[in-house]
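Notebook open, going through the model a piece at a time. I'm jotting down what I looked up as I go.

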Amino acid sequence: MDTKHIRNFSIIAHIDHGKSTIADRIIENTGGLSKREMKEQVLDSLDVERKHGITVKAQTVRIEYTHNNEKYYLNMIDTPGHVDFGYEVSRSLSACEGCLLVVDATQGVEAQTIANAYLAIEHNLEIIPVINKIDLPSADIEKTKHEIEDAIGIDTSSALKVSAKQNIGIDTILEAIVKRIPYPKGNDTARLKALVVDSWYDNYRGVVFAVRIFEGSLKRGDKIKIMSNGKVFEVEELGVYTPKQKIIEKLDVGSVGYVIANVKNIKDALIGDTITLENNPSEEAFEGFKKPKPFVYAGIYPTDTDKYEDLKEALGKLQLNDASLTIEPEKSDSLGFGFRCGFLGVLSMNITKERIEDEFNLDVVATSPSVVYRIEKTNSEVIDIYNPSLLPEPQKISGIYEPFVIVEIITPSEFVGNILRLLQDKRGNQKNMTYISQDRVLIKYSIPLSEVITDFYDKLKSLSKGYASFDYNFEGFKKSDLTKLVVMINSKEVDSFSMIVPKEKAYRMARDVLKTLKKYIPKQLFEVRLQAKINGKIIAKEQIGALRKDVLAKCYGGDITRKRKLLEKQKKGKKRMKQIGSVAVSKEAFIKLIEANNS
Amino acid sequence: MGESVYFYIHIPYCYKKCPYCSFVSYEKKLSTVSDYFKALQNEISSFETDKTVETIYFGGGTPSLVNVEQIDKIINLIYKKFKVIKLPEITIETNPVDAKYKFLKSIKSIGINRISLGVQSFIDRKLRTLGRIHNAKISSESIKNALNVGFDNISVDLIYGLKETPSEIEYEINSANQFDIRHISTYMLSVEKKTAFYEMVKNGKIEISKEDEVADAYIYIAELLKNRGFEHYEISNFAKKDFESRHNNAYWLGYDYRGFGVSASSFVNGERFSNTDAIEDYIKLIKNKKSTIKHRENLSNLKSMKESFVLLMRLAKGVDINLFNKKYKTDVERVYKDELEHFIKLGFIKKENGKISLNGEQSMVVSNSILSDFV
Ligand SMILES: Nc1nc2c(ncn2[C@@H]2O[C@H](COP(=O)(O)OP(=O)(O)OP(=O)(O)O)[C@@H](O)[C@H]2O)c(=O)[nH]1
Ligand code: SF4
Ligand SMILES: [Mg+2]
């Protein structure tokens, strides 16, 4: 197929504005799947995606579309909307010439709308604004248009008005894709230059790459060369998803598809690599993508300490398909052997944890997430620490630096006061504040990342009745006045509960942390004392009285089975706990250490 | 032990359903009594064993509410069909209102030699809250009558958990102990879902003891009874020397027992099973010569060993390490190494004279939390 009949586009939007549902309708209307085969958000194939109703991984589908009696191949990439997955969006955009910028007409422009739109502008894409959910009574098309113009600065005179739910306006989308998005440039006979936009590990086939062919073409049997390391592989299979997997003989210039080439190690061809032909190589490679840097770190430990190797294997497998996940073995006094893992954000951390539990059937404990701290020691050495319990002795520290981010918040103006107070409380510094429409405001603040990853999102949502949205970008390390908060259970320090906190908030946080712990530590057969200290000084205490009685119900007519089942149930409950010394602690305690206390 | 079997017969009728009761008993189904007894006889007749019957226990419900002849027929049937030991323990649970001279006389004449009186309390306030149909005076009289008729093996049920003061507890124990009774079962009031009580407690209509109060009550009761010559031989049971309930011990010691009647549980040749919970189904199934068993359970060796350990631990004398190891071809101290270490260190389990047991009332009162580590 010549490139004039190919279009490559992504669907981008703020979370939940309807990207995956639009993708559904496009697939359905062009006959990619029959009605019987359709289900909601059909491209969200991971269990976690279906469970949470969100997209985590970008998915590519080739749509066949006939317009004016000419057949087109439209390569569509559905992307995630959540702030944690911006990297995924950015990669998808580099395979495209255009995108649909979807905006929910009942919500208007939100933080990730802006963030993703800017990514599209950076990539020089043709942006087609799509106003979705016009079926809803609260849809305000005009206001949404104005916000798009004011906040992003793109023309909305030809914005499309659709309802993905009710299949209204989908045809206008298809037509606009063909008419407005430029066809891919590139020469079929030039030397092959293909960009790896995604790669994942398939248990049966080895590594599968999603590629975008920018120059030349690729056939089965071709010997390909990975430009970063010179390794050569033979192409075994080429194909596209329609969304059913469909094997094809050749990937033409301008198109997007997958490649299987007997690559066993995913590190041999990382996302962002350039693929060319061995016998007629391209001269230069693409710049590639910056490796995504984890923002938050947490310890992940098997609840059953015997399962360390299983956890290692599970994390290894997940890492194959998640370039952003970092894994370092570590040991904790309280939790035994486990891993310090780096994630793009708290959502991706939770998702990773869930996948370990669901897909690998392992029970794990995750510690409370923390950021990287940069420590300047008195001997002028500088170290980064990923685990708060490893903070050096105070007398060896000359300064602690922590990562700051720029947050961008969009909120109805009535909540601005609340939100500014929250940002102040979170140690933020105002950068900018503008109205994007009469009653909606864009606030920019510089704030420590550690404040964002705890309960910031929950508080923002509750202070704005759910209306505010936010996005953040790394700003840099800044010096802060921080100290280590140590938690003790029955006088023993619990390293996995240590955290680094701003001095000004230490007392309050110590009290909150112990209150939270108290909630997650059930009564034991003995009294449990909780203490929090900074610099060797106890600053908060709590106590959990000993369990006094069980129900000694009548064992009636020899119903031993019932009796035993009760005990077994109780035992199961205990198994879900983590034993710290002789104290059983509910696993939630670790991760919810810094809970949204309504302080 | 291999040669013995213990019989339980369930009589699922009551005068009036007590608001806290979650047992299988019905107040408005008396019309089914004669059919039920026919079915019971059928079930008993169709059970085959060459083991010797050690005990017969009529439990409920309220077995004292049915005609004594019905009970008599059952006992006769058992004697006719099975080998019965020379001095069996034959118990009937009796509601204090039924414990009148004439009734007691006739049950004694049919061979019943142990009577378990559902006294529950000697305090009117408690009996009223519990919705019992008798009062404190009847509680005392029922014991007096049983003694007068000549029963020497009387057990009394007492319930606690209704905000008793220490002097009220003392009053309960002294009221029972003024009579020459041999056995006391104590029950912690447990508020089960799906009972009328549950709602009343939830709505604050009834106040029940708090965790600490119940624990203190339990420990205090044990202390008082021990001072009065009772042995605390099982978590909820106290007895004078030689008057432990042979029937109940069979449950803990893992002997074969066979329960007849609706919802009754059995343990025969290593298999646990129990009958359907619904009277009508039970009667109908028997009529149609179908099995009444609703649940069956065959435990693996390991599981039944663990179950046996947990059951034995309910007894004050606990687990005899040598006997246990021989019976289960195991090394119990190795199987439970971590658990035993943990609880011995905390002082909840003791190992003494080759026996492992719960360490006194402080430990019995939290026995579920301990024993759940052993199942
Ligand atoms: N009423 C109405 N609801 C819609 C429409 N489009 C999508 N929705 C609903 O909005 C919710 C979110 O839709 P998705 O398609 O999962 O949104 P998304 O943008 O893919 O979300 P992420 O992938 O998590 O960023 C779902 O409950 C959809 O059913 C529409 O046109 N009208
Ligand atoms: S008398 Fe006993 S079995 Fe009958 S309802 Fe009352 S507590 Fe339940
Ligand atoms: Mg989606």
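Strands here are DSSP runs of E with at least two residues, helices are runs of H or I with at least four, and both are numbered from the N terminus. Two strands count as paired if DSSP finds at least two bridges between them. I looked up A:Arg374 and found A:Asp384 as its bridge partner in β22(A). Four residues sit between the strands of this hairpin, and A:Ser380 takes a positive phi near 65 degrees there.

A note on ground rules: this is a predicted model, with local features needing pLDDT of at least 70 and side-chain atom pairs counting only at pLDDT 80 or more, while totals for chains, interfaces and linings use all residues. Residues are numbered from 1 along each chain as its sequence is written, chains are lettered from A and ligands numbered from 1 in the order in which they are written, and side-chain values use heavy atoms, leaving out hydrogens and water.

Next, a sheet in chain A. Six strands make an open, mixed sheet in the order β2-β3-β1-β4-β5-β6. β2 (59-67) and β6 (160-161) of chain A each have a single partner strand, so one side of each has no neighbour in the sheet. β2(A) pairs with β3 (residues 70-78) of chain A in the antiparallel sense over nine bridges, and A:Gln59 has A:Asp78 as its bridge partner in β3(A). Helix α4 (residues 111-122) of chain A packs on this sheet, touching β1 (6-13), β4 (98-104) and β5 (126-132) of chain A, and its direction makes about 150 degrees with that of β1(A). For contact I use heavy atoms within 4.5 Å; axes are lines fitted to C-alpha atoms, for helices over the stretch in contact, with angles from 0 to 180 degrees between N-to-C directions. In the loop between β2 and β3 of chain A lies A:Asn68, which has a positive phi near 50 degrees despite not being glycine.

Then I checked peptide bonds. A:Thr242 and A:Pro243 are joined by a cis one, omega about 0 degrees, and A:Pro243 lies in the loop between β12 (237-241) and β13 (245-248) of chain A. B:Gly60 to B:Gly61 is also cis, with omega near 15 degrees.

B:Gly61 turned up again around ligand 2, where the surrounding residues also include B:Cys14, B:Tyr20 and B:Arg132 (near means a heavy atom within 4 Å).

What do the two chains bury between them? About 3,500 Å², 57% of it on carbon and sulfur atoms; buried area is the accessible area (1.4 Å probe) that two parts lose on being put together, summed over both. On the chain B side, B:Glu211, B:Asn368 and B:Val375 lose the most area to chain A, together 17% of what that side buries. The contact takes 50 residues from chain B and 29 residues from chain A.

Last, salt bridges (a Lys or Arg side-chain nitrogen within 4 Å of a carboxyl oxygen of Asp or Glu). A:Lys565 pairs with B:Glu297, closest N and O atoms 3.8 Å apart. Within chain A, A:Arg212 and A:Glu97 have their closest N and O atoms 2.8 Å apart.
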